[in-house]
Amino acid sequence: MSNNGLSKILGFLGLDKTGNNEHSTPDNYSSLYSEKLRDALHQPAGAEKASALRLLLEEIEKQNTNSAEESPEQKVDRYSSAGVAYSELQQYEEALSYHDKAIEIANNSPALYYNRANTYNKLGEYQKAIIDYKRAIALDPENADYHCNLGYTYDDLGMYEEAIENYNKAIDINPYNTINLSCRAAAYVNLKEYDKAIADYNQAVELDPFDPQLFFNRGLTLANRGEIKEALKDFEECINIDPENQFGQKGMAQMAIQQLSNIGQQ
C-alpha cells in the first residue's frame, strides 16, 4: 500500500466532526420569539431558512421602538433570539450585541452564556468562547451540550486531551448522544489513537445505524489505520444510506472509494 496515496485521500477528505446544539433557550423567560426562532431554524437549509430568520429579525428590530412596554423577561427572549438569528446569518457583531444585552438583564442564565460562546466560536475567538462555556457549565453542570461544545472549542485549538476530558463528561451525562461520541472519536483520531476512535464510532453506529456521516468518518479512521477493505465497506454503506446525497457525503465517499481502490491495487 502506498502511504503517499493514503495521505492524499486523508488530506482532501478531512475528518468531519459536528458540533452539538447550536443554541439554547433561556429557562423561565418569555418564549414568544424563541418559538418563532425555533420555527425559522427548522426551515430547509439555504434560502428558506435565511428568509425566515430575516423576517424574524425585522419583527424584532421593529419591537425595539416599543421596548419600554416589555417586561425584562420579554426583552431577554427577544435579545437572545435576535443574537442566535444573527449568528445563524453569520452577522456575528450584531449577534454579540444582542447576546450582551440579554446577559446584562439575566446574568444567571446558562443558556445565554452558551449562545454567546457559540458565536465567539464561529468568530474564532476561542478564549472568549471557553470563558462563556465554563460560565454556562458552572450554572448548569449537568448539561451535556455545554461540555461537548467546550470540548469542540479545545479541539479547534489543538488541545485534544482537554477536548476529550470534556467529551467524557458529556458522554457520562448523555451516553446515547452520537454527536458526543463522534466528537470524541475525532479527537482520538487527531491523537492517532485509532482503536479508541473506532470503538466510539462503533458505539455511535449501534445507536444510529442510519447516519451516513458516522460511516463516512469511521471509514476515514479505518483508512488511517490501513484497513482499506473495511474502510471501503463503510464508504459504500454511507452511499447506500443516503443515495440522494441529502447529507452531502456522497461525492466525497465516491472519491474515497476510487482512491482507496487504487491504493489497494498497488
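Biologist: In which helix does Asn121 lie?

Modeller: The model is predicted: local features need pLDDT of at least 70, side-chain atom pairs count only at pLDDT 80 or more, and totals for chains, interfaces and linings use all residues. Residues are numbered from 1 along each chain as its sequence is written, and side-chain values use heavy atoms, without hydrogens and water. Helices are DSSP runs of H or I with at least four residues, strands are runs of E with at least two, and both are numbered from the N terminus. On that basis, the helix that holds Asn121 is α6.

Biologist: Is Asn121 buried or exposed?

Modeller: Buried means under 20% relative accessible area, exposed means over 50%, and partly exposed lies in between (1.4 Å probe, protein chains only). The relative accessible area of Asn121 is 11%. Asn121 is therefore buried.

Biologist: What separation do the C-alpha atoms of Asn121 and Thr153 have?

Modeller: Contact means heavy atoms within 4.5 Å. Setting aside residues up to four places away in sequence, Asn121 touches Tyr126, Ala129, Tyr133, Asn149, Tyr152, Thr153 and Asp156. Asn121 and Thr153 are 32 residues apart along the chain, and their C-alpha atoms are separated by 6.9 Å.

Biologist: How are α6 and α7 oriented to each other, roughly parallel or roughly antiparallel?

Modeller: Axes are lines fitted to C-alpha atoms, for helices over the stretch in contact, and angles between N-to-C directions run from 0 to 180 degrees. The axes of α6 and α7 (residues 126–139) come within 8 Å and cross at roughly 160°. Angles under 35 degrees count as roughly parallel, over 145 as roughly antiparallel, 65 to 115 as roughly perpendicular, and the rest as oblique. The orientation of α6 and α7 is therefore roughly antiparallel.

Biologist: How many residues in the contact of α6 with α7 are nonpolar?

Modeller: Asn121 of α6 takes part in this contact, as do Tyr126, Ala129 and Tyr133 of α7, among others. Ala, Val, Leu, Ile, Met, Phe, Trp, Tyr, Cys and Pro count as nonpolar, Asp, Glu, Lys and Arg as charged, and the others, Gly among them, as polar. The contact has 2 polar and 4 charged residues, and its nonpolar residues number 10.

Biologist: Is the crossing of α5 and α6 left-handed or right-handed?

Modeller: The axes of α5 (residues 92–105) and α6 (residues 110–123) come within 10 Å and cross at roughly 160°. These two helices are therefore roughly antiparallel. A crossing is left-handed if the near helix is turned anticlockwise from the far one by less than a right angle, and right-handed if clockwise. The crossing of α5 and α6 is left-handed.

Biologist: What relative accessibility does Leu123 have?

Modeller: Leu123 is also found in α6. Leaving out residues up to four places away in sequence, Leu123 touches Tyr92, Glu93 and Leu96. Leu123 counts as partly exposed, since its relative accessibility is 30%.

Biologist: How many residues does the largest nonpolar core have?

Modeller: A nonpolar core is a set of buried Ala, Val, Leu, Ile, Met, Phe, Trp, Tyr and Cys residues joined through side-chain atoms within 4.5 Å. Leu37 and Leu53 have the most contacts inside the largest one. A second, separate core of 21 residues includes Ile171, Phe215, Leu220 and Ile239. The number of residues in the largest core is 51.

Biologist: How many helices does the chain have?

Modeller: Of the 266 residues of the chain, 47% count as buried. Strands number 0, and the count of helices is 14.
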